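Consider how charged side chains pair up in the model shown below. The paragraphs that follow take the pairs in turn.

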Amino acid sequence: MKNIVLTGFMGTGKTTVGKILAKKLNREFVDTDAIIEERLGATISEIFKKIGEPKFREFETQTIALISRLQNYVISCGGGTVVNPVNVENLNKNGIIVNLYASADHILKRIGEDDTRPLIKQMLNPFDQIKKLLAQRQKAYEQCSFAVNTEDKTPEQVAEEILKKLPQTVFS
Ligand code: S3P
């Protein structure tokens, strides 16, 4: 059976929703950032600081290539994963990619105080940075099979909405 892959900007709830979805479907759950952290023995923030974003992206692409071979999983990936077409191609081989989204205001409320996101935390103006990255990534997020708005919804509600929208092909 096909993997269900959750993507979308930082703070849209991919990991929390992914775990709920996996439980509901009795599937295994995997978070690609957690795998990278485990492999490198460092947090995402430390990895960005020590080796920089380009090297992080290389590890991300390697990890996605491995994870894409799985079947019947719920996979949560980082907010920048689908920017690289190689990752999208791999994830699409045996999965359906779902985009979780929210406005820049909502995202700021969710991650503004969070210091685990290196792409946002060092910025003088996090709101501008969020808007800039959202605009840069819009096309990449639009390639997903379908999208779910996460604004003012609980992770449970988002998971239910994904379940309703999932095509039958995911289960065959
Ligand atoms: C990133 C999102 C993060 C993590 C890294 C880069 C991005 O994952 O992969 O900090 O480029 O949007 P989350 O979306 O799970 O926070």
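Arg117 has a relative accessibility of 24% and so counts as partly exposed, since that class lies between the 20% limit for buried and the 50% limit for exposed. The model is a predicted one. Asp114 is also partly exposed, at 24% relative accessibility. The side chains of these two residues, Arg117 and Asp114, form a salt bridge with an N to O distance of 2.6 Å. Side chains of opposite charge can pair when their charged atoms come close.

How many salt bridges does a search of the whole structure find? The search gives 9. One of them joins Lys24 to Glu156, with 2.6 Å between the closest N and O atoms. Lys24 belongs to helix 1 (residues 14–25) and Glu156 to helix 8 (residues 155–165), so this pair ties together parts that are 132 residues apart in sequence. Lys24 is partly exposed, its relative accessible area being 34%. Glu156 is partly exposed as well, with a relative accessibility of 38%.

Arg57 and Glu53 both lie in helix 3 (residues 44–67), and their side chains meet with an N to O distance of 2.9 Å. The two residues are 4 apart in the helix, so about one helical turn separates them. Glu53 is partly exposed, with 31% relative accessibility.

Terms used
Residues numbered from 1 in each chain as written. Predicted model: local features only at pLDDT ≥ 70, side-chain atom pairs only at ≥ 80, totals over all residues. Heavy atoms only, no water. Salt bridge = Lys/Arg side-chain N within 4 Å of Asp/Glu carboxyl O. Buried < 20%, exposed > 50% of the residue type's maximum accessible area, 1.4 Å probe, protein only.
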